Amino acid sequence: MTTPSKFDLPQGTLDLLILRVVALGPVHGYAIAQRIQLISKEALQVQQGSLYPALHRLENKKLLAAEWAQTESGREAKFYKLTAMGRTQLKSETESWARLTEVVGMFLQHPQGDPS
Amino acid sequence: MSWLMRLIRTRAMEKELDKELRFHFESQVRDKIEAGMDPSEARRIARLEFGGHEQVKEQCRESRGTLWLASTAQDLRFGARILAKSPGFAFTAILVLALGIGVNTLAFSLYNLVALQFIPVRDAGTLVNIERRSPENITPGIPYASIAFYRDNAKSLSAVMAVMAGAPVTLDQDGQRVNPSFVSANFFSELGSSAAAGRLFDVTREDSPASPPVVVLSNRFWQRRFNSDSSIIGKTVYLAGKPATIVGVTSPEFAGLGSDHPDIWLPIEQHSYFVEGSKPLSDSKFEGLIVMRGRLARGVTPHAAEQELLALTNRLRKLYPTVIWDNEYIVVTPGAHFFPLQLGGEGLGGGAAIVALCGLLVLLILGVACANLGGLLLARGAARRHEIQTRLDLGASRLRVFRQLFTETLLLAALGALAALPFSYLALRLILVSTDAPVWMSAAPDWRVLIFTSAMTFIAALFFGLLPTLRMVRHRSGSDLGQRFVVSVQVAASCVLLVLASLLVRATLHTLYSDPGFGYEQVVAIHPSLNEHGYSPATANRYFAQLQERLSSLPGVSSVSVALNPPLVNENVMITSIDVDGHRVLIYPNWVGSEFFKTMGIPLLRGRFLLPNEAHAVVLSESLALKRWPHEDPIGKQWKDSQDIVVGVVGNTRAQELNNTDATEIYYAAMSTADNLPSMTVLVKSSSTPESLFPQIKAVANSIDPKLYPTITTLKAGFRKNVRQVEQIAAIISLLGALALFLAVVGLLGLVAYAVTRRTKEIAIRLAIGAGHAQIIASVLRRFAWPVLFGLIAGVAMTAALSQIIRRGLYGVSGLDPISYFGAIGLLVVILLVAAVLPIQRAFKLDVASILLHSD
């Protein structure tokens with residue numbers, strides 16, 4: 001089902017994306033899925049179901065907190081928001097992600113990975 | 001929220017999870033419809049985008065961290081339902097496991113009782129046995145002089161006790177004698193025991209030979225003899241004619257030192273008073289057996305105590321050069337166990353080998369039980385293939401299905417263990433009651449037993465459940481290698497147990513009905529315990545000369561002799577050894593009078609018998625002569641590097657170890673000046689019934705020295721006592737063998753029945769086209785022929801190896817006795833054949849036409 005232009009998420013990056021989206025304010029699962037797709041300009045193929053185990057895991061690790069609230073359309077939905085711990089985690093993961101991409105990028109641009 | 005809270009809230013959380021996912025899905029569909037998609041198409045696409053609803057839920061539960069608990073509960077419920085659905089299988093499986101685990105629990109409980117549990121004494125951890133050893137000698141006893149020296153000088157011991165079992169003595173005018181134990185005055189206080197009535201020994205009051213003579217009664221003896229009457233405290237009783245005051249009674253739970261259970265206790269300081277003429281405390285050559293117990297000082301290890309005691313022994317040697325052996329050393333072992341197992345011991349003390357053997361035998365039973373169940377589960381696995389496939393197709397992960405199936409297995413094992421515990425408890429109760437065990441021994445499992453049982457249960461589950469479960473999940477079909485393996489294991493283990501059982505039964509019969517190499521039926525042993533009554537070699541010599549002369553003049557007496565170690569009735573076995581080509585041979589030595597061989601009916605094979613008082617001469621048993629000089633004439637050879645010359649070879653006897661056909665003996669002449677003369681026993685051969693001589697023997701003994709109360713027994717009685725032990729062991733092993741056979745039969749019945757059910761259609765077709773019954777039976781059984789054969793070969797090989805242990809450690813059975821092997825294998829094969837043919841026979845009774853019509 002994956003079309004060639006879309007790619008699967010590397011291991012562990014889904015958590016980072018979720019934390020990033022939730023950082024913008026309390027939001028329910030469906031909205032998180034929408035936003036991930038929107039922000040990544042539909043380039044990422046996230047099977048929407050796989051979002052939930054990740055959400056529950058983050059909640060379990062106390063990086064996210066959840067409560068039930070009404071949506072604009074008046075339905076009950078489970079809203080997630082960042083905890084203090086989640087905020088710290090997002091910060092440190094964002095930094096390490098940036099460093100990683102920088103290093104990998106440098107390495108890949110270097111002709112043949114020649115150390116000189 | 002803690003995981004416990006989450007677990008409690010499971011139901012609510014399930015609802016929330018469902019609601020959350022539904023909200024997502026419905027929002028997704030709504031958006032697609034708003035974007036102009038057809039409603040049914042919108043649902044289809046949304047479902048594709050979302051993924052499997054149930055899988056997502058399962059993953060969510062897993063990330064919540066309670067899945068394992070929730071799903072285990074679910075698996076257990078499911079497993080229980082599956083078992084309830086096939087009660088026949090469940091019953092068989094639980095029965096088989098209960099027997100397998102139960103036998104192991106029982107064996108371990110017994111081991112735990114005698115060797116691991118502490119006897120109920122104060123501060124059991126620091127109580128130690130102290131024994132002396134040398135490369136040539138093993139004895140539990142220590143001369144009192146050494147004990148006193150260690151008591152006064154050892155800093156590693158905070159207390160030292162001395163205990164000596166005395167010969168039975170008369171009490172007042174009672175016909176039956178009582179067994180006394182002479183103990184140091186600190187015995188009761190060191191063991192932390194209390195009195196049920198009166199008081200026990202007091203270190204300040206019973207500290208010298210001059211203290212007023214006192215006696216403490218054991219609770220059982222008090223009940224039996226005095227009907228638990230407290231008014232007897234302070235009364236005077238006559239022990240061997242000597243007055244003594246009863247000062248107290250031990251409490252019912254007093255365990256003593258474990259395996260000793262005398263009727264009365266007397267202060268060892270007063271030994272010379274009760275046993276007239278004895279000097280156990282001052283005479284360094286006293287022959288009685290005094291054992292030493294001690295308490296380790298705070299923080300001292302047994303090893304450190306051994307080091308200190310060894311140094312003290314070397315100082316002692318200067319004081320008593322004749323008493324301390326060459327290279328003597330001291331062994332300190334934990335002392336608060338009922339039966340201290342000396343692991344790594346030799347000869348009679350080869351406890352480790354026996355324990356290992358028993359352990360192996362009961363493990364074999366468990367092995368048969370597991371193989372058996374494994375077979376049943378494999379068969380069931382094939383039958384449940386459809387169910388498992390369905391679950392895998394519905395999206396369950398293999399791991400999840402495996403876990404579910406293995407939970408079922410564990411549930412089965414746990415049920416088996418639950419059934420095993422009462423079984424083991426009852427059996428143990430029965431054993432304790434029938435052996436008149438001390439009251440403190442309880443059949444109720446303690447923590448060690450429970451841990452052991454749980455571990456065994458888990459191991460059993462791994463053994464019988466892992467292979468079938470893996471095969472079910474991996475969904476291998478076709479090959480029935482697993483089944484064949486299972487059959488082999490069952491047959492091999494049953495084979496080992498059956499052959500061992502028949503070897504032991506044959507050994508018992510052999511002991512019972514074959515010639516032990518000497519005539520015991522007509523012989524009476526008279527043990528006057530001169531050594532305990534202060535006789536010197538010279539006075540003992542006079543006593544024996546008189547006694548022998550008077551006895552031989554009695555009508556009905558055909559011969560009389562002295563011997564240091566009378567066969568069958570002596571309490572302490574002496575062992576010495578010789579190295580032949582670096583191989584150690586254990587020898588039973590004996591010092592005998594010149595008429596000994598005639599009295600015992602031991603034949604002379606070469607040379608001559610010993611002469612009265614002959615120095616520097618030995619007579620060997622044929623077995624010993626053959627071991628020492630396999631190819632030469634032993635007569636005239638020098639024995640070891642002594643001055644002793646071999647003058648004769650006599651027939652082998654199994655005098656000291658009835659069931660050891662390999663026993664070797666060496667005989668020295670009893671010397672009229674030897675220190676061991678006062679310890680000797682007189683043997684009398686009667687020409688009529690030996691018991692009829694008792695009154696005359698008593699009269700003669702009394703007329704020579706009325707102070708003595710000789711113990712008079714027939715060798716026949718000793719023989720019966722010996723045989724009873726061998727019989728008991730053979731009975732236990734036979735029971736295990738029968739159990740193994742029963743399990744193997746159940747297993748094979750199940751497997752063949754299953755094989756027949758699976759091939760009912762094939763059998764029906766064969767019958768329809770006219771195949772004979774024999775042909776069909778052969779075709780079904782062919783699959784089992786090789787595994788059975790393989791199992792038999794493996795079983796025989798294992799038994800042959802094991803029987804060497806038994807031979808060395810226990811019974812001296814001929815380890816390769818062909819009758820036992822063929823008998824056991826024959827029995828096994830016949831029973832297996834019957835077990836295999838029965839289910840096939842049933843298939844023949846089926847209606848061929850209806851089978852062919854109705855099978856798909």
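View 1. Just after H13(B), the residue Gly395(B) adopts a positive phi of about 105 degrees; helices (H or I, at least four residues) and strands (E, at least two) are DSSP runs, numbered from the N terminus. This is a predicted model, in which local features need pLDDT of at least 70 and side-chain atom pairs count only at pLDDT 80 or more, while totals for chains, interfaces and linings use all residues. Residues are numbered from 1 along each chain as its sequence is written, chains are lettered from A and ligands numbered from 1 in the order in which they are written, and side-chain values use heavy atoms, with hydrogens and water left out. In H13(B), residues 385-393, the buried residues are Ile388(B), Arg391(B) and Leu392(B), where buried means under 20% relative accessible area, exposed over 50% and partly exposed in between (1.4 Å probe, protein chains only). These residues cover an arc of only 100 degrees around the axis and therefore lie on the same side of H13(B), the arc being that of the directions from the helix axis to the C-beta atoms. His386(B) and Asp393(B) are exposed on the face turned away from the buried side of H13(B).

**View 2. Stacked rings of Trp591(B) and Tyr668(B).** With ring centres 5.1 Å apart and planes at 15 degrees, Trp591(B) and Tyr668(B) form a stacked pair; rings of Phe, Tyr and Trp (its six-membered ring) pair if their centres lie within 6.5 Å, and planes under 30 degrees apart count as stacked, over 60 as edge-to-face and the rest as tilted. The pair links distant parts of the chain, since Trp591(B) belongs to strand S15 (residues 583-592) and Tyr668(B) to strand S19 (residues 665-669), 77 residues apart. Trp591(B) counts as partly exposed, at 22% relative accessibility.

**View 3. Tilted rings of Phe596(B) and Tyr667(B).** The ring centres of Phe596(B) and Tyr667(B) are 5.9 Å apart and their planes stand at 45 degrees, so this pair is tilted. Because Phe596(B) lies in helix H18 (residues 596-600) and Tyr667(B) in strand S19, the pair ties together parts that are 71 residues apart in sequence. Phe596(B) is buried, with a relative accessible area of 2%, and Tyr667(B) is likewise buried, at 3%.

**View 4. Arginines over aromatic rings.** The charged end of Arg132(B) sits over the ring of Trp325(B), 3.7 Å from its centre, the criterion being NZ of Lys or CZ of Arg within 6 Å of the ring centre and within 35 degrees of the ring normal. Arg225(B) lies over the face of Phe226(B), at 4.8 Å from the ring centre.
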